[in-house]
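Biologist: I have not looked at this one before. Can you put it up and walk me through it?
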Amino acid sequence: MNHEHNTSLADARRVIDAGEKKATEIGQPMNIAVVDVGGNLIAHARMDAAWIGSVDIAINKAFTARMFDLPTAELAKQAQPGSQFYGIDQSNNGRVMIFAGGIPLVRNGEIIGAVGVSGGEGKQDQAVAEAAAAAL
């Protein structure tokens, strides 16, 4: 497979490392997940003391960001009652997460995967996801 159009394990490790660094800086242990272009999990790290319940959420935030090619925070804004995507979180067997913290990974203008972060408040998850995605 041509890794130029997909996230590699080396990419995933770099993204997770950057996310862990940011999470440590803000003092909030996180779950950080990276999926490939097809939305399949490549790697996940649960930092020491990060919530076990957030493992699934981090993975599904990454899945959601890739399936809709949008940051989950943007999807959340459009999924409120009365908005065009209200109820979207019920799709894909309940895997769609409409919380901040999922961001598509882009290389040369092309989405090649996504990162999902969970374990803190939305703004913390988003900050860690942004730092992680920037390391690609």
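This is a predicted model: local features need pLDDT of at least 70, side-chain atom pairs count only at pLDDT 80 or more; totals for chains, interfaces and linings use all residues.
Biologist: What share of the residues is buried?
Modeller: Buried residues are 46% of the 136 in the chain. Buried means under 20% relative accessible area, exposed means over 50%, and partly exposed is in between (1.4 Å probe, protein chains only).
Biologist: Which helices and strands are there, and in what pattern?
Modeller: There are four helices and four strands, and along the sequence they follow α-β-β-α-α-β-β-α. Helices (H or I, at least four residues) and strands (E, at least two) are DSSP runs, numbered from the N terminus.
Biologist: Now charges. How many salt bridges do you count?
Modeller: The count comes to six salt bridges. A salt bridge here is a side-chain nitrogen of Lys or Arg within 4 Å of a carboxyl oxygen of Asp or Glu.
Biologist: Which side chain does Asp125 meet in a salt bridge?
Modeller: Asp125 meets Lys61, at 2.9 Å from N to O. Asp125 lies in helix α4 (residues 122–134) and Lys61 in helix α2 (residues 54–68), so the pair ties together parts that are 64 residues apart in sequence.
Biologist: Are those two buried or exposed?
Modeller: Asp125 is buried, with a relative accessible area of 3%, and Lys61 is buried at 1%.
Biologist: And Lys77, which residue does it form a salt bridge with?
Modeller: Lys77 pairs with Glu74, the closest N and O atoms being 3.1 Å apart. Both are in helix α3 (residues 72–78), three residues apart, which is about one helical turn. Lys77 is exposed at 55% relative accessibility, whereas Glu74 is partly exposed at 33%.
Biologist: Which residues do salt bridges with shared partners join into one network?
Modeller: Asp11, Arg14 and Arg107 are joined that way. Within it, the side chains of Arg14 and Asp11 meet at 2.6 Å, N to O. Asp11 counts as buried at 5% relative accessibility, while Arg14 is partly exposed at 36%.

Note on methods
Residues are numbered from 1 along each chain as its sequence is written. Side-chain values use heavy atoms; hydrogens and water are left out.
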